[in-house]
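Welcome! Here is a short tour of a protein structure, grouped by topic so that you can follow along on the screen. Take a look at the picture first, and then read on.

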Amino acid sequence: MLTIENLKAAAGDKEILKGLDLQVNAGEVHAIMGPNGSGKSSLAHILAGREGLDVTGGSVSFNGNDLLELEPEERAAVGVFLAFQYPVELPGVNNTHFLKEALNAQRRNRGEEELDSVAFMKLVREKMELVSMKPELLKRQVNAGFSGGEKKRNEILQLTLFEPRLAILDETDSGLDIDALRTVSKGVNAVRSEERAIILVTHYQRLLDYIEPDFVHVLADGRIIRSGDKTLALELEKKGYNWITDSEAA
Amino acid sequence: MSNATELAEFTEREYEYGFVTDIEADSAPPGLNEDVIRQISGRKSEPEWLLEYRLKAFAHWQQMETPEWSSVHHPPIDFQKISYFAAPRKKDGPKSLDEVDPELLRTYEKLGIPLDEQKALAGVAVDAVFDSVSVATTFRKQLAEAGVIFCSISEAAQEYPDLLRKYLGSVVPHTDNFYAALNAAVFTDGTFVYVPKGVRCPMELSTYFRINASNTGQFERTLIIADDNSYVSYLEGCTAPMRDENQLHAAVVELIAMEDAEIKYSTVQNWYPGDEHGVGGIYNFVTKRGDCRGDRSHISWTQVETGSAITWKYPSCILRGDDSVGEFYSVAVTRGRQQADTGTKMIHIGRNTTSTIISKGISAAEGQQSYRGLVRIAGKAENARNYTQCDSLLIGDRCGAHTYPYIEVKNPSAKLEHEATTSKISDDQLFYCRSRGLSEEDAISLIVNGFCKEIFNELPMEFAVEAQKLLSVSLEGAVG
Amino acid sequence: MNQSEGTLIRRLVCDRHPEETIRDENPWLSVLKKEAASWISDMPLPNRKMEAWRYTPIEFINKTAFSLDAEEAPFEALDLIDIEELLIPGSESSDRIVFVNGRYAPGLSGLKTGNGITLHTLAGDSKLPSGFKRQIGHADLSGRFFFTLNNALMSDGAVIHVNQQGGERRRLELLHITVGMPDPVIHNPRHLVVLERNTSLELVERYTSLGKSTYFNNAVIDIHLSEESDLLHTRLQEESELAQHLGHLTVKLEAHSNYRQVSLASGAAWSRTEAQIIFNGEHAHAELDGLILAGSKQLNDVHLEVLHEVPNCTSREHFKGLLSSNGKIVFDGRILVARDAQKTEAALNNENLMLSRSAEVDTKPQLEIFADDVKCSHGATVGELDPGMLFYLRSRGIPKAQAERMLCTAFANEVVSCISETPIRDHAKRMVLQHLASEGETG
């Protein structure tokens, strides 16, 4: 589904990704771990199409599309979803209105029929139960005044609502307590399927106890330096990132 | 609210630095015409081009009208009654402090600037301007080794005429405003600083000067050039003796920062504010402007103003170079019958420019203070950033604090934030301090210092201490 | 003073005989008009050198030969059906006072009797209560040119008197309709609203037009709030996009009175509001929220003065400007706190969102504080659409243009949502959407 070849990227003068390769197929869950500053979040943002990060080399192919050529909303329409680490607040924009507009825009883009209010509300309510989100949050402004946990849940609600092909979760577990973590994981696991791929960007191993990955990659200094299965994450937890970065350097 | 007796005591407090020196001053008779200007130029043996510059400015000044401002009031100034030149009688300049008139040195001691002590401890070079002529210049050799030129404008006209001619008037042209034109015509002296490429000036530079002879306008001219990749920090602090007639101070300060250069200009001003009837204080009408000419250049103005009867000054930055930075930090105290209309102008022209304005005003007794600021973002100034914070603290119920910010934006990528607040020291704050054992006066001093802390942090250390002391002294007895 | 400045408008004033348009019942009004006419000849025309006109160009007054309306107003020809498109859906049955081209149109108006509101008009038959002469006739020594012009040329106006205490708050719409004439016309309606002690009113003041036409609406409205009275004032400026609009507003608050204003200005090529909020009595409160829209070829200027002359009053003003294309916004908000006005709390905020490269905003919030036991603040911001917010919306599939529209609407909604009456709020929302749609946002 997703093929990243020799991806190089920079922010201004600073090189961030230095030749990253990754292959993600439908039905797989990949965890990308790495020390701070390794480029994990940057990778996530590049896939979603954020300005400010320049791709200086390499390619990204998604289901036959050249992903880097697409605008952010086009990427959403073809099924790429990024759950932000720090979801932005949109004062004055009603949450329900936003979700409906977004969903229908994506459907429109794909040539599918848009949902009317009744159908939409039915769908949203179903999904809210999956993520144990309070219905009041639907009436509020997008992320404004939400607690950290509520913001993350709002992101996962969107994940369940938009049903993307590729879901990238950027440090979704940061700042969450155990209960919130459980709820978020429940939502993610509920959307695992043969047609969907999930990339979990995370610093800590903890999330992977709840969402079991098929593959674990270590991203350090702009490249993936080691890949393995879920046991790799456990080793990292025990030995720390230096263990891998040192052995790679050796 | 205000205790009438205490306030009365406060306004009657003697101006600490008020006194007069008895040295014979060689003054020109009062009045202003072409002859006086030729005389000034002649006495200094100025090159022809400089005389022409003065005459041109004078001709222009004669066409201009005296400015009238809505929030500052003073009796009309008779420019023909002022003497434009006063110098102590001497034959040649002194070669070392030993040659300086001992009477003069005693003057400086009274002012609290013992040159000897400074020489030994702080290593600060002092270009002390006595009335209109430079008297002592110390440490020139050390600076010369670093390549830094630090001398009077008069000397620069003789020894570095090309440099002077290149930059003089390039930031504040004589056509800029009434007082700038006057200054360009009759400036008698001031400081010239040139820091060559890549040099970090090894010491803080400073100037102390005072006005002595009666009816002598003080028209100082300062020009500081920081070439590529250099750094200089300049301190300006002045005191003045008590006088009956109002004394006019119309200085011009021009700063030029080239690529990657930084100029830090700090001022502590404590000029005579006038007696309790508002009579006799200094009129401080100054034009100060910094040109961030080079990319990534940086100019910051820091000032603590507690004196003058009337203050009219707007240290400004023209942010021409890309990524250049302009800063303005100010604490202004007005008490008695003082009037201050001051602020800053930040003109954003280049790309990615940033300006920060933090202005703290404290008004007590019947002081009136206005902050007048301009932030202008030109059409091509991409990604400009400005943050402005103006806070006023009112002590007593007869004073006034006003804020007039002008914000003009022609580019949508600019991000500007401006905030202003006006308040008084709350009873809760006072009570809290006092319940912990502080006297009311100490409490006020503590709170006011906290109010101004951001600004004091920007001052070079020696000045910061002096400034804090000055602030406490200024507010003595202002308790309501 | 440059004699050629304002020649056209001065000639108009001189040529006009003030008595003609006001009937003899109110001779004092004729005297007032003549007096104002004589002042106009000596007054300097506003120009860039005056602080209050520093950023606002005024060339149109020199270039346009305005005329005054003929005696026979066109409203005779208008029926309710003609103005239906202008009425706010859901408020059709409200009490309404309609002015067409600056003149009262009784056929289009409707005011239920016995509900505590009395209406007089300046050109009407009935005599004005004597106390009101003073309200209307206050001599203006401040040298405001256009205000004096209105004094000299006013042809009609509403005098709205709310004098029944208690009961539900009455609602009244003051609807201005300008019908385009072949030549540019200047209209000078002059209104007075007086709320007696302990009364309340909701006033919806609107400026609209039929079709696109060129005209200059130089309107004055004075509001007097007696003790303990309460006014909810919605001002909607929906003038023709070719018109000029100058709205003078003065609100005087007596003790314990309350003034709440929500305003929205989206029309006119040149629009200026000069508002003065004056606190005459203690413990009064004023709150203003305004949305200023300036799009292609539009200039919108808000000059506001909040005068705290007495202690213990509070005021809060929040104005948001939205600029697109080559729109220009000028904002000047001055808070003045007099020496004895202790315990004043005043806050003023101006936020501006610029959507295009060729837009311009000049903002100047000011504080003049002469009392110390006060809490006063002001703030001003200028910026563009937050790229982080835009990206978030787009990453959820919302196309760029729609995302921009959503954020602009959210920006505007902060003010629009202050309108409590649903039909009016919906109408305001439509005004915003229409403006954004016609602009194409980024322009």
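C:Arg54 counts as partly exposed, because its relative accessibility is 30%. Keep in mind that this is a predicted model.

**A salt bridge and its network**

- C:Arg54 pairs with C:Glu51 through their side chains, in a salt bridge with an N to O distance of 3.8 Å.
- C:Glu51 is partly exposed too, with a relative accessible area of 39%.
- Both residues belong to a network of salt bridges, which also links B:Arg376, B:Glu408, C:Asp332 and C:Lys364.
- Over all chains, the structure holds 57 salt bridges.
- Here is the general idea: side chains of opposite charge can pair when their charged atoms come close.

**Two salt bridges within chain B**

- B:Asp227 forms a salt bridge with B:Lys197, and their closest N and O atoms are 3.5 Å apart.
- This pair links distant parts of the chain, 30 residues apart: B:Asp227 is in the loop between strands E8 (221-226) and E9 (231-238) of chain B, while B:Lys197 is in the loop between strands E6 (191-195) and E7 (205-210).
- Which of the two partners is buried and which is exposed? B:Asp227 counts as buried at 8% relative accessibility, whereas B:Lys197 is exposed, with a relative accessible area of 55%.
- B:Arg296 forms a salt bridge with B:Asp260, with 2.8 Å between the closest N and O atoms.
- B:Arg296 lies in the loop between strands E13 (282-292) and E14 (298-305) of chain B, and B:Asp260 in the loop between strands E11 (252-257) and E12 (262-269), so their pairing ties together parts 36 residues apart in sequence.
- B:Arg296 counts as partly exposed at 41% relative accessibility, and B:Asp260 is partly exposed with a relative accessible area of 33%.

**Where chain B meets chain C**

- In this interface, 33 residues of chain B are in contact with 34 residues of chain C.
- The size of an interface is often given as the accessible area lost when the parts come together.
- For chain B and chain C the buried area is about 2,800 Å², and carbon and sulfur atoms give 48% of it.
- How many salt bridges cross the interface of chain B and chain C? The rule finds 4.
- C:Glu360 forms a salt bridge with B:Lys410, and the closest N and O atoms are 3.8 Å apart.
- There are also 16 residue pairs in polar contact across the interface of chain B and chain C.
- On the chain B side, strands E22 (400-409) and E23 (415-424) are the elements that give two or more residues.
- By class, that side of chain B has 13 nonpolar, 11 polar and 9 charged residues.

**Where chain C meets chain A**

- Chain C brings 17 residues to this contact, and chain A brings 32 residues.
- Together the two chains bury about 1,900 Å², with 65% of it on carbon and sulfur atoms.
- On the chain C side, C:Phe391, C:Tyr392 and C:Arg396 lose the most area to chain A, together 40% of what that side buries.
- C:Arg396 also forms a salt bridge with A:Glu155, with closest N and O atoms 2.7 Å apart.
- In total, the rule finds 2 salt bridges across the interface of chain C and chain A, along with 9 residue pairs in polar contact.
- Helix H7 (387-395) and helix H8 of chain C each supply at least two residues of the side that touches chain A.
- H7 of chain C gives the most to that side, with 7 residues.

**Inside the protein**

- The largest nonpolar core has 108 residues, and A:Leu2, A:Phe98 and A:Ile168 are among those with the most contacts inside it.
- Helix H8 (residues 400-416) of chain C gives the most to this core, with 9 residues.
- A second, separate core has 93 residues, including B:Cys292 and C:Phe319.
- C:Ile335 is found in strand E17 (residues 328-337) of chain C.
- Buried or exposed? C:Ile335 is buried, with a relative accessible area of 0%.
- Leaving aside residues up to four places away in sequence, C:Ile335 touches several others, including C:Val306, C:Leu348 and C:Leu367.

Methods: Residues are numbered from 1 along each chain as its sequence is written. Chains are lettered from A and ligands numbered from 1 in the order in which they are written. This is a predicted model: local features need pLDDT of at least 70, side-chain atom pairs count only at pLDDT 80 or more; totals for chains, interfaces and linings use all residues. Side-chain values use heavy atoms; hydrogens and water are left out. A nonpolar core is a set of buried Ala, Val, Leu, Ile, Met, Phe, Trp, Tyr and Cys residues joined through side-chain atoms within 4.5 Å. Buried means under 20% relative accessible area, exposed over 50%, partly exposed in between (1.4 Å probe, protein chains only). Helices (H or I, at least four residues) and strands (E, at least two) are DSSP runs, numbered from the N terminus. Contact means heavy atoms within 4.5 Å. Buried area is the accessible area (1.4 Å probe) that two parts lose on being put together, summed over both. A polar contact is a pair of N or O atoms within 3.5 Å; within protein, one must be able to donate a hydrogen and the other to accept it, and residues adjacent in sequence count only if both atoms are side-chain atoms. Ala, Val, Leu, Ile, Met, Phe, Trp, Tyr, Cys and Pro count as nonpolar, Asp, Glu, Lys and Arg as charged, and the others, Gly among them, as polar.
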